[in-house]
Amino acid sequence: MPRFPHFTRTKGLTGPKQHTALTAAALTVLAVGTPVAYATLGNESPSASRPAASSVAVRGKAYIETRLFFGTERPDGGVTVTDRQFLAFIDEEVTPRFPNGLTIKDGRGQWRDSKGVIERERSYELTLLYPASEARVRDAQIERIRDAYEKAYAQDSVARLEEHTTADF
């Protein structure tokens, strides 16, 4: 989607992705039998592997990546949210709060409703990336976005996922 360029390049992994990547790297290194695995996992390492760990360049600044998940089906049975409506919502509610950029992905999602029924629907994933130093201000803005969507389109919720990362532009 050229209208919403993707700028959320990260140089480091965080959260579950980091754990999986580090575990895979450690298993590969352990299979070869070198002591570098200690440095890779961040545990106490033998003095021989310390210089190798300190030679890795650290790039980027502390950022927070927030992802919001917007459903399009209305619990009240109304007409689903259209692409045009969603993009208008982005223009009115999100862009003024995050004018430096954002990323939108189309998706399909599912969740269990309050009656235990699995609901499947077309969805959107919105990615916002901002300096960690702005976390307090951005938190309030993101909550206003979530509330606005829930009210405008009769949604039960808008899911929010956050990860601390580094970014370099």
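This section describes the aromatic pairs, the nonpolar core and the salt bridges of a predicted model.

A search of the whole structure identified eleven aromatic pairs. In one of them, tyrosine 63 and phenylalanine 169 adopt an edge-to-face arrangement, with 5.7 Å from centre to centre and 70° between the planes. This pair links distant parts of the chain, since tyrosine 63 belongs to strand β1 (residues 61-71) and phenylalanine 169 to the segment after β4 (159-167), 106 residues apart. Because phenylalanine 98 is located in the loop between α4 (83-94) and β2 (103-112) and tyrosine 130 in strand β3 (residues 118-131), the pair ties together parts that are 32 residues apart in sequence. Phenylalanine 98 is buried, with a relative accessible area of 4%, and tyrosine 130 likewise counts as buried, at 2%.

The largest nonpolar core comprises 21 residues, of which Phe70, Phe86, Phe89, Val94, Leu126, Leu128 and Tyr149 touch the most other members. Two or more residues are given to this core by each of β1, α4, β3 and α5 (135-152). When residues up to four places away in sequence are not counted, leucine 128 touches Ile64, Glu65, Thr66, Val94, Phe98, Leu102 and Ile142.

Nine salt bridges are present in the structure. Arginine 67 is bridged to glutamate 125, with the closest N and O atoms 3.1 Å apart; as arginine 67 lies in strand β1 and glutamate 125 in strand β3, the pair ties together parts that are 58 residues apart in sequence. Both arginine 67 and glutamate 125 are buried. A salt bridge with an N to O distance of 3.0 Å joins the side chains of glutamate 134 and arginine 138; here glutamate 134 counts as partly exposed, at 28% relative accessibility, while arginine 138 is buried, at 12%.

Aspartate 139 and arginine 160 also meet through their side chains, at 3.0 Å from N to O, and this pair connects helix α5 with strand β4 across 21 residues of sequence. Aspartate 139 is partly exposed, with a relative accessible area of 36%, as is arginine 160, at 22%. Through shared partners, salt bridges join Asp139, Glu143, Arg146, Arg160 and Glu162 into one network.

Technical notes. Residues are numbered from 1 along each chain as its sequence is written. This is a predicted model: local features need pLDDT of at least 70, side-chain atom pairs count only at pLDDT 80 or more; totals for chains, interfaces and linings use all residues. Side-chain values use heavy atoms; hydrogens and water are left out. Rings of Phe, Tyr and Trp (its six-membered ring) pair if their centres lie within 6.5 Å; planes under 30 degrees apart count as stacked, over 60 as edge-to-face and the rest as tilted. Helices (H or I, at least four residues) and strands (E, at least two) are DSSP runs, numbered from the N terminus. Buried means under 20% relative accessible area, exposed over 50%, partly exposed in between (1.4 Å probe, protein chains only). A nonpolar core is a set of buried Ala, Val, Leu, Ile, Met, Phe, Trp, Tyr and Cys residues joined through side-chain atoms within 4.5 Å. Contact means heavy atoms within 4.5 Å. A salt bridge is a side-chain nitrogen of Lys or Arg within 4 Å of a carboxyl oxygen of Asp or Glu.
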